[in-house]
Amino acid sequence: MLTKEEMPVCPVATTVQLIGSKWKLLIMRNLMERPWRFNELKRDLEGVSQKVLTDSLRAMEADGLVTRTVYPEVPPRVEYALSDLGKSMRPIFDSLETWGRQYKAMRAAE
């Protein structure tokens with residue numbers, strides 16, 4: 001979790017520091033839909049290594065964006081979901097989706 005001293009002065013820089021990597025953005029995109037298991041995320045996020053996925057999920061959990069739930073089953077089942085703080089980023093992702101659609105439409109019209 002970022003300490004007060006580690007947080008950039010600029011709010012945009014703070015947001016980028018929390019979710020600015022390609023994989024964190026794509027993980028959050030998936031988690032906006034529903035909780036996911038680790039192997040589901042790994043299969044869906046083509047090209048992500050197990051280490052990067054693990055490190056990203058741990059960092060996002062430490063930053064309070066993601067929750068990790070372990071179900072007492074055999075074998076254990078672990079699900080990752082957005083916390084309320086993570087869910088509060090939905091408008092950002094909606095804006096990214098809207099902009100991406102507009103950009104693709106604009107490029108297709110050229």
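Buried here means under 20% relative accessible area, exposed means over 50%, and partly exposed is in between, with a 1.4 Å probe and protein chains only. By that rule Trp99, at 55% relative accessibility, counts as exposed. Tyr103, with a relative accessible area of 35%, is partly exposed.

Before I go on, this is a predicted model: local features need pLDDT of at least 70, side-chain atom pairs count only at pLDDT 80 or more, and totals for chains, interfaces and linings use all residues. Residues are numbered from 1 along each chain as its sequence is written, and side-chain values use heavy atoms, leaving out hydrogens and water.

Back to the rings. The structure holds one aromatic pair, where pairing takes ring centres within 6.5 Å, using the six-membered ring for Trp, and planes under 30 degrees apart count as stacked, over 60 as edge-to-face and the rest as tilted. The centres of Trp99 and Tyr103 are 5.2 Å apart and their planes are at 10 degrees, so the pair is stacked. Trp99 and Tyr103 are four residues apart in helix 6 (residues 90-109), so about one helical turn separates them. Helices are DSSP runs of H or I, at least four residues, and are numbered from the N terminus.

Two other rings have a charge over them, meaning that NZ of Lys or CZ of Arg is within 6 Å of the ring centre and within 35 degrees of the ring normal. The charged end of Arg34 sits over the ring of Trp36, 4.0 Å from its centre. For Arg77, the charged end sits over the ring of Tyr71, 3.9 Å from the ring centre.

Methods
Helices (H or I, at least four residues) and strands (E, at least two) are DSSP runs, numbered from the N terminus.
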